[in-house]
Amino acid sequence: MKSLLKPCDRVNDSRAQWVLGFLAVSLSQAAPAFAQSVSPLSPTNIFAPISTPADSIFGLSKFVLEVTASIFVVVFSLLLYSLLKFRKKKDDDGREPPQVYGSNQVELAWTVIPVLIVVALFLATARVIATVQNAAAPRNAVEVTVIGHQFWWEYRYPGLQVVTANELHVPVSDPKHPTPTFLKLLSADTDHSFWVPRLAGKVDLIPGHPNSMWIDPRETGLYLGQCAQYCGTQHAKMLLRVYVQSPDDFERWIEEQRQPAHLSAAVEKGRHVFETTACINCHAVAGTVANGRFGPDLTHLMSRDTIASGAVPNTPENLRKWIQNPDATKPGSLMPSMKLNDQDLDSVTAYLATLQ
């Protein structure tokens, strides 16, 4: 009897077997290679959490991956087995095999098992969400109000009387003496999203709708993040820098940030230019007439490693370029150019460079 398979069908059948075999080999080799390619030292490595919320999310991710990978392996194995077991043989007469319609056991299995899998994933997810969101703040917790702006971050420490921008400082949390940091998330304009991968998951900042999150980093160091919600032209350069410090270093930083701005007669001209232009409408400098709130507080500007929300290193050269033409460094940053002449520009830069 003639085969019902056309030549092109037999070719497609062999191609399908080759593709499935290739995928099996590729997947078996890709997983170890991918694991080795991710550096555990990366400040944004989601596979190396160092805070309880990030740990919980990572554990849930592994559980979901294990469940879905198991499903994939079972389905893929059955498919590969079927292709190899029932492939066309030389003595195949081309007749259609017996057709079986209806099996209560099979239908019950492929209904109940997926339901149980979904319920297990739902319960695991709900447990992690409840654990992270319902955590109570202990008495020694550090409280920080985070305000998202286009396109920078404002940090206020209400109990410590400190205001800073773009670079968040928190103490390390010793498991024996936990010192978590609780963040109240607000937005001054549009939607933003606070995300530092190694410390916690993404939490949105929505105008008129306060949100909250917490972190308890167990290792000192610098951890990077970014606004994870498109918020306008410079969304990509609304960067996050979190400095986790030892208790002593954190206390020292707090004391330094509480001090008024450093005043020097040598840069009096630059201070005068700064205070007689529109700069003071947006920026604040403690101890001076500048009390603006639309832009970052500049009282301790030079204590920060970066400017423009992490866009460039904080050096006098970059600071001068930033003042002269903000759009050259960060197009659409919403900071206007004051059109200062070279002499006034040098004077203002020299003044701001003294704000330690």
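Histidine 192 stands opposite leucine 205 in S7. The pair belongs to a predicted model, in which local features need pLDDT of at least 70, side-chain atom pairs count only at pLDDT 80 or more, and totals for chains, interfaces and linings use all residues. Residues are numbered from 1 along each chain as its sequence is written, and side-chain values use heavy atoms, with hydrogens and water left out.

Start with the strands around that pair. Strand S6 (residues 192-195) and S7 run antiparallel and are joined by three bridges. Strands count as paired if DSSP finds at least two bridges between them. S6 and S7 belong to an open sheet of five strands, ordered S4-S10-S9-S6-S7, with mixed pairing. Its edges are strand S4 (167-171) and strand S7 (203-205), each pairing on one side only. Neighbouring strands here are turned by 25° against each other on average, direction ignored. Axes are lines fitted to C-alpha atoms, for helices over the stretch in contact, and angles run from 0 to 180 degrees between N-to-C directions.

Another open sheet has five strands in the order S3-S2-S1-S5-S8, and its pairing is mixed. Strand S3 (162-165) and strand S8 (211-215) each have a single partner strand, so one side of each lacks a neighbour in the sheet. The twist averages 25° from one strand to the next. Strand S5 (residues 181-187) pairs with S8 in the antiparallel sense over five bridges. Leucine 183 stands opposite methionine 213 in S8.

Now the helices. The protein has nine of them, along with 12 strands. Both are DSSP runs numbered from the N terminus: helices are H or I of at least four residues, strands E of at least two. In helix H5 (residues 268-275), the buried residues are Gly270, Arg271, Val273, Phe274 and Glu275. Buried means under 20% relative accessible area, with a 1.4 Å probe and protein chains only. Helix H6 (279-282) and helix H9 (342-352) are among the elements that cover them.

Ile71, Val74, Val75 and Leu78 make a nonpolar patch of about 350 Å². Such a patch joins nonpolar side chains (Val, Leu, Ile, Met, Phe, Trp, Tyr) within 5 Å, from residues with over 30% relative accessible area and no salt bridge. A salt bridge puts a side-chain nitrogen of Lys or Arg within 4 Å of a carboxyl oxygen of Asp or Glu. Valine 74 lies in helix H2 (residues 52-85).

Finally, the whole chain. Of its 356 residues, 37% count as buried. Among contacts (heavy atoms within 4.5 Å) between residues at least 6 apart in sequence, 64% join residues at least 24 apart.

Definitions and conventions. Buried means under 20% relative accessible area, exposed over 50%, partly exposed in between (1.4 Å probe, protein chains only). Patches are made of residues with over 30% relative accessible area and no salt bridge: like charges are joined within 9 Å, nonpolar side chains (Val, Leu, Ile, Met, Phe, Trp, Tyr) within 5 Å. Accessible areas come from the Shrake-Rupley method with a 1.4 Å probe; for residues, only the protein chains shown count as cover.
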